[in-house]
Amino acid sequence: MAEKYILSIDQSTQGTKVLLVNHQNQIFLKFSLSHRQFINENGWISHDLDEIKNNLRQLFAQILGKVNSRQIEGVAITNQRESAAAWSRKTGEPLCHTIVWQDNRAEDLVSKIAYPELAVKVKNTTGLALSPYFTGAKWGWMLLNEPRVIQAHANNDLCFGTMDSWLIYQLTDGQSFKTEVSNACRTQLMNIRTGKWDPELSEIFGVDINDLPEIVDSNANFGETNLFGLISHPLPILSVLGDSQAALFAHGCFNPGDFKVTFGTGSSVMLNIGNNLPKNINNQLNTSFAWSINGQKSYVYEGNINYAGAAITWLKDKIHLIDDPNATADLALTANPNDRTILIPAFAGLGAPYWLPNMKAAFVNMTATTGKKELVRATLNSLVYQINDILETFHHLSSQVNDEIHTDGGMIKNKYLMQYLSNITQKDVKIANISELSALGSAMNAMQHFDGLKNYSKTYIPRITKNIATNYSKEWSSWIKKIS
C-alpha cells in the first residue's frame, strides 16, 4: 500500500515551504521558495501576496511531480502570526501589500489611543501589551491610509486576515473565511477569555468585526482545496496553527511547565501554562492561546524577541561584518575572552519583558581591541540574555517551569549559541533533530498525533557556575537600564 502524507504549508517571514509528512512524523519531501522583502526608507516591511500565492502554486506542482495526489490525505498550515493582509471578498485579490509582523508603521495610531486606562484594558482583555506589533493596529492603519482598503470597506467587500486566513481563502477559492485561536489571539482584537472577537477593541482600532474571519478550533474543518486546480479531487484542510504554537506542539510540550525556544527571524520563548487561564494576565509577558483542539483550550506565556536571525542578517547585509551566517560560531569561539562588548539589539525597540519600543540599538562597553570576532560574539550573546530574562519572568509568574529547554529553528546549529544559552540559563538545552518543527507540528495536529519528538540530536549542559552566569546577566541588565 502506498504511504500516506499530510501536505504541510509553512508560510514564514522569508519564504514559503511545502512539505510532505508521513504518519511516523517524518518529513518525506520539502520544497521552498523565498519572496521579496519590501523595506522602505522608514523601515516599513511588506510582502506581495500575489508573489506568495504564485510561489505556493509552483511548490504544489513540484510536490505533485514526486507523488501521486491520492497519497495526500489532507493539508496543514502554519504561518507567521501577526502580519496583516487585506483582500477583496468578491475576487480574493489583494488590496495592498501585507504589513509584516516586524513593521511598526502603526506606532502613531497606537500612541494616540495609548492612555493608561486603555492600555490596562487591552492587556486584561487580550493578554497582549498595547503595541503596533500586533495585527489590529496594522489593520487600523490600512483603514486610514490604503485607498483600496478604505473603498472595499465602504462597499462591504473587505476581508482582513492574518496569513492563515489569506491562505485558506485562496486555497478554497473564497469558500472559507476562517482563522483559529493561536492566530486570532495575536491580533489584539480577540478576547482571550471568550475566544471571540471583542466589539469594543475592534471599535477602538477602527476595525469592523464583519470584515474579520470566523474563529474556530485549531483542528476544525477549514474547507477543501484542489491546490489551485492542480488536482481533480478535493483535499480537506485539517489543521492551522501559528508557527510558534506549532513548534510547541511538535516538541510535545503538552503539559504545564513545558517550554521551548524557537530561533527564526525573531525568537519566540513559549511556556505551556495548561488549560486554565490565569486570573491576572497583566504582566510583562504575552498570554496567548496555545491551541484549541476538539473544544479543549490550552494557554501559554510567551516572550517575543524581534531580532534573532535578523540580527545575524544585519551583520551580513548592512555592516558587512560576515559573509556567511554559518561562520558566526567559529568567530565567537575564537573571540578575545576578556572582551566584554555587549550589543543592545533594539533595532525595533526591545519587546518582552522590557517593553522599550523607543530604545535604539547600540554596541556598548567596547575597547580599542574590540574587533569583528568580539562584535559577532556580542550579537549572539544578546539573544541569549534576552531569552534568559524571559525565562526569569516565567519563574516569577508560574510555579511550573521545567529544567529542559526544547529548541528549534535554523540557529540551533550554532554550537557557540547553544552552549552559551545553557551556560547563562543554567538549564539543559535539547536540540531538535528536525529543523522544520512548525510544519511538522501542524501536520501532527492534522493527524492527531499527541506524542511529540522522541529524539534530540544533542543536549548541551551548563559549563559555567551559576554565580558566573548571574554576573554576566547583571552586566547585561545594567546596560539596559543605563540607556533605556
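Me: Which residues does Ile-312 touch, leaving out those up to four places away in sequence?
Reply: Contact means heavy atoms within 4.5 Å. Not counting residues up to four places away in sequence, Ile-312 touches Ile-322, Pro-325, Thr-328, Thr-379, Leu-380 and Met-411.

Me: What kind of model is this, and how are residues numbered?
Reply: This is a predicted model, where local features need pLDDT of at least 70, side-chain atom pairs count only at pLDDT 80 or more, and totals for chains, interfaces and linings use all residues. Side-chain values use heavy atoms, with hydrogens and water left out, and residues are numbered from 1 along each chain as its sequence is written.

Me: Is Ile-312 buried or exposed?
Reply: Ile-312 is found in helix α10 (residues 309-317). Helices (H or I, at least four residues) and strands (E, at least two) are DSSP runs, numbered from the N terminus. Buried means under 20% relative accessible area, exposed over 50%, partly exposed in between (1.4 Å probe, protein chains only). Ile-312 has a relative accessible area of 7%, so it is buried.

Me: What distance separates the C-alpha atoms of Ile-312 and Pro-325?
Reply: The two residues are 13 apart along the chain. Their C-alpha atoms are separated by 6.5 Å.

Me: At what angle do the axes of α12 and α13 cross?
Reply: Axes are lines fitted to C-alpha atoms, for helices over the stretch in contact, and angles run from 0 to 180 degrees between N-to-C directions. The axes of helix α12 (residues 372-397) and helix α13 (residues 415-425) come within 9 Å. They cross at roughly 40°.

Me: Which residues make the contact between α12 and α13?
Reply: From α12 come Arg-377, Leu-380, Asn-381, Leu-383, Val-384, Tyr-385, Ile-387, Asn-388 and Leu-391. From α13 come Tyr-416, Leu-417, Tyr-420, Leu-421, Ile-424 and Thr-425.

Me: How does α12 lie against α15?
Reply: The axes of α12 and helix α15 (residues 466-483) come within 11 Å and cross at roughly 95°. Angles under 35 degrees count as roughly parallel, over 145 as roughly antiparallel, 65 to 115 as roughly perpendicular and the rest as oblique. Therefore α12 is roughly perpendicular to α15.

Me: Which residues of α15 does α12 meet?
Reply: On the α12 side are Ser-382, Tyr-385, Gln-386, Asn-388 and Asp-389. In α15 they meet Tyr-472, Ser-473, Trp-476 and Ser-477.

Me: How many residues of α14 are buried?
Reply: Helix α14 (residues 437-447) is largely enclosed by the rest of the structure. Its buried residues include Leu-437, Met-444 and Met-447.

Me: Which residue follows α14?
Reply: Its phi is positive, near 55°. The residue is Gln-448.

Me: Which strand pairs with β15 in the parallel sense?
Reply: Two strands pair if DSSP finds at least two bridges between them. Strand β15 (residues 235-242) has 6 of its 8 residues buried. Strand β14 (residues 224-225) runs antiparallel to β15, joined by 2 bridges. The parallel partner, over 5 bridges, is strand β6 (residues 72-79).

Me: Which strands are at the edge of the open sheet of 7 strands?
Reply: The order is β18-β19-β17-β16-β22-β23-β24, with mixed pairing. Each edge strand pairs on one side only. The edge strands are β18 (286-293) and β24 (456-460).

Me: Which residue of β17 stands opposite Lys-260?
Reply: Strand β16 (residues 259-263) and strand β17 (residues 267-274) run antiparallel, joined by 5 bridges. Opposite Lys-260 stands Met-270.
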